[in-house]
Amino acid sequence: MTPRLNLFLLGLVLILGVPFYWFQLAADRGGATAKPLTIGQLRDLADAVPGRKPTQVDYEEIGWRYDIGNKLAAGIGLRPIRAAVRAYELTIPGEGRVTIDRGTTPAAARQYHLHDFDRRAQRRIDEARAQAVLSLLLADHPLHNGNAGFSMPDAQLLPDMSDGKPRAVAPGIVLIPLPGLTVGSNMVYARLEDGREYLFTGDAAMIERSWRDVLPPARIVTSYLRPQERQEIVSWLMTINALSREAPHMTVIAGHEPGMLAAVHRGFSD
């Protein structure tokens, strides 16, 4: 090849490659730091409310959707990943159940290109929600809230969360608001009666690699579509990573982790 052609190709690579790297692959932290939240604080909050703690964690999976890997965690590639959509319940003996997320509706499932929408699983979620003593959301979004019109359920049963601080909402259960993320975003920490611990990350960490390697979504999602969120997401990924290191036996359940959840029973209790 001639020097002129080499220069042209180099320029083409730079013109196309730099924006591609910046918007699709870059997983820089941008000066973010972990939040001042410790596992000790969460445990103290979980123990602060008297009463029996949950004894069991179950989940229902209502379907999945394809997302490009980089949209979930920058730098992991362009291969499509099956991002699962689930809801959870915590069973409290003698008290009832606490649900986390509501699933969705057939219309919203079509709108968001959800595959294998499981109507029976959704019906079980709806029944559990109707019987629940408390219903929490990880995100106020149609794939989380049952397409309930973007309104947090059971707000009247929850303490005031406007200051952004974690609050115990039931024995062993702590709601962690994420005010810098999309509307109604939360994490949930649960400490069971036998001492097992769970952290439901919601959309703060889409998949396990997100929080393990501190990989925020690609800039095409954050810096381009939702620029105000990027640093907050990185901060929460760092926080989840730090909490996991403090409590290495804690089960961290990422918001849309593909595949089965080995540490959680599939199928809501009767």
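A cavity is a set of points, on a 1 Å grid over the protein atoms alone, where a 1.4 Å probe fits but cannot get out; the volume is the space filled by probe spheres set on the points, which are joined across faces, edges and corners. The model is predicted, with pLDDT of at least 70 required for local features and 80 or more for side-chain atom pairs, while totals for chains, interfaces and linings use all residues. Residues are numbered from 1 along each chain as its sequence is written, and side-chain values use heavy atoms, without hydrogens or water.

The count comes to one cavity of 30 Å³ or more, and the largest cavity holds about 40 Å³ of space. Its lining (residues with an atom within 4 Å of a point) includes Val85, Arg86, Tyr88, Asp101 and His256. Strand S2 (residues 80-92) gives the most to this lining, with three residues; strands are DSSP runs of E, at least two residues, and helices runs of H or I, at least four, numbered from the N terminus.

Five strands form an open sheet of mixed pairing in the order S5-S6-S7-S8-S9, where pairing requires at least two DSSP bridges. Strands S5 (167-170) and S9 (251-254) each have a single partner strand, so one side of each is left without a neighbour in the sheet. Strands S6 (residues 173-177) and S7 (residues 186-191) pair in the antiparallel sense over five bridges, with Val174 opposite Tyr189 in S7. Helix H7 (residues 230-246) packs on the sheet, touching S6, S7, S8 and S9 (heavy atoms within 4.5 Å).

Definitions and conventions. Axes are lines fitted to C-alpha atoms, for helices over the stretch in contact, and angles run from 0 to 180 degrees between N-to-C directions. On a 1 Å grid over the protein atoms alone, a cavity is a set of points where a 1.4 Å probe fits but cannot get out, and a pocket is an open set with protein on both sides within 12 Å along at least five of seven lines; lining residues have an atom within 4 Å of a point.
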